[in-house]
Amino acid sequence: MFEKLEFINVTFEYEGRKILNNFNLEINRSEKLAIVGSSGEGKTTLIRLILKYITPHSGKIMVNEKPLSEFKNWYKILGVLSQRAHIFNRSLRDNLLIANPVATDKEMHEALEKAGLKKFIKTRTLDTILGSDGSYISGGERTRIALARLLLRNPELIILDEPLEGVDKLVEKEVIENIKEFVKDKTLILISHRFSILSLTDEFAVLENGKIVEKGKYHEHSNESLLKQFFRAEQELTEKFREDDVL
Ligand SMILES: Nc1ncnc2c1ncn2[C@@H]1O[C@H](COP(=O)(O)OP(=O)(O)O)[C@@H](O)[C@H]1O
Ligand SMILES: [Mg+2]
């Protein structure tokens, strides 16, 4: 059972450039944490470390007080929705069975609906072929298929990296509600700039210059916090459109 994930003084570099620099972070069972940071600050790198695709140059990543590298069944505990989920040139059914080989058609339909693909599945069947690396589907559909996979797998620790990319505002609200229900008793690490989805988390950590520079509930962040800057920018943009009578 998952209890705790810890980064202790982790440094990771690409070609001598330090992306994470003495990075420290702890997340405990059933906590819901958002990580915000400007583009290129290393959010996806952090996820890749958790996935063991890459390993730290120094420092430690621990799971339940044991080194991540020695932890068994890590991929069973972990469920990741990444920015570019892989789609196989097979049927929609096969693409979902990867996540859970014993899922029934009914369960697959339910997962697709919860992931915001109600309309998509109305005009297709589970036998529909998705094309080489998903060339027959849109970016937003790809993300939602990845989300349906996650729902079917039901992992303990969930990592969402920009999960609403390519998903329009009309389905967004419903999908967020479904994710909220799904993550209720689970641990969540979320990466996003969109404030609608940040409502899924209780705590926000700001990643800057390779470190977490502020962490806490929204009201605990300083006015200069990147989190609040993102929030103000989103509000200002919406107001600007209104003023211009575009909305
Ligand atoms: N494979 C790679 N080789 C070299 N540099 C990389 C590689 N992957 C990412 N980077 C660089 O590392 C930095 C952090 O990238 P990333 O973790 O993807 O940022 P974020 O997800 O926060 O936008 C960026 O400057 C990016 O250009
Ligand atoms: Mg990224």
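Modeller: Val-175 is found in helix 7, residues 169–183. Helices here are DSSP runs of H or I with at least four residues, strands are runs of E with at least two, and both are numbered from the N terminus. This is a predicted model, in which local features need pLDDT of at least 70 and side-chain atom pairs count only at pLDDT 80 or more, while totals for chains, interfaces and linings use all residues. Residues are numbered from 1 along each chain as its sequence is written, and chains are lettered from A and ligands numbered from 1 in the order in which they are written.

Val-175 is buried, because 21 other C-beta atoms lie within 10 Å. The cut-offs: buried means 20 or more other C-beta atoms within 10 Å of the residue's own, exposed means 12 or fewer, partly exposed is in between, and C-beta atoms are placed from the backbone. Beyond its neighbours within four places in sequence, Val-175 is in contact with Ala-115, Gly-116 and Val-167. Contact requires C-beta atoms, placed from the backbone, to lie within 7 Å.

Ala-115 leads on to the core. The largest nonpolar core has 63 residues, and Ala-115 is among those with the most contacts inside it, together with Ile-35, Val-36, Ala-148 and Ile-159. Such a core is a set of buried Ala, Val, Leu, Ile, Met, Phe, Trp, Tyr and Cys residues joined through C-beta atoms within 7 Å. Helix 6 (residues 139–153) gives the most to this core, 7 residues. Ala-148 touches Ala-115 too: leaving aside neighbours within four places in sequence, Ala-148 is in contact with Leu-96, Ala-111, Leu-112, Ala-115 and Leu-117.

One is open, has 6 strands in the order 6-7-8-3-9-10, and its pairing is mixed. Strand 6 (78–81) and strand 10 (211–216) are the edges; each has a single partner strand, so one side of each has no neighbour in the sheet. Neighbouring strands are turned by 15° against each other on average, direction ignored. Angles run from 0 to 180 degrees between N-to-C directions, with axes fitted to C-alpha atoms, for helices over the stretch in contact.

Strand 6 and strand 7 (residues 157–161) pair in the parallel sense over 4 bridges. Pairing takes at least two DSSP bridges between the strands. Leu-78 is bridged to Leu-157 of strand 7, and Gly-79 to Ile-158. Helix 6 packs on this sheet, touching strand 6 and strand 7, and its direction makes about 165° with that of strand 6. Both faces of strand 6 are covered: Leu-78 and Val-80 on one side and Gly-79 and Leu-81 on the other are all buried. Between helix 6 and strand 7, the loop holds Asn-154. Its phi is positive, near 55°, in a residue other than glycine. Asn-154 is partly exposed, because 13 other C-beta atoms lie within 10 Å.

Helix 1 is next. It lies across strand 3 (32–36), strand 6, strand 7, strand 8 (187–191) and strand 9 (203–208), at about 150° to strand 7. Helix 1 also lies across strand 1, strand 2 and strand 4, at about 65° to strand 2. Of its 8 residues, 6 are buried, so helix 1 is largely enclosed by the rest of the structure. The buried ones are Lys-43, Thr-45, Leu-46, Ile-47, Leu-49 and Ile-50. Lys-52 follows helix 1, with a positive phi near 65°.

Helix 1 (residues 43–50) also gives the largest share of the shell around ligand 1, 3 residues. Around ligand 1 are Tyr-14, Glu-15, Ile-19, Gly-37, Ser-39, Gly-40, Glu-41, Gly-42, Lys-43, Thr-44 and Thr-45. A residue is counted if its C-beta atom, placed from the backbone, lies within 6 Å of the molecule.

The other open sheet has 4 strands in the order 2-1-4-5, with antiparallel pairing. Strand 2 (17–28) and strand 5 (66–67) are its edges, each pairing on one side only. Strand 1 (residues 4–14) and strand 4 (residues 58–63) run antiparallel, joined by 5 bridges. Ile-8 has Lys-60 in strand 4 as its bridge partner. Glu-65 lies in the loop between strand 4 and strand 5. Its phi is positive, near 70°.

Terms used:
Contact = placed C-beta atoms within 7 Å.
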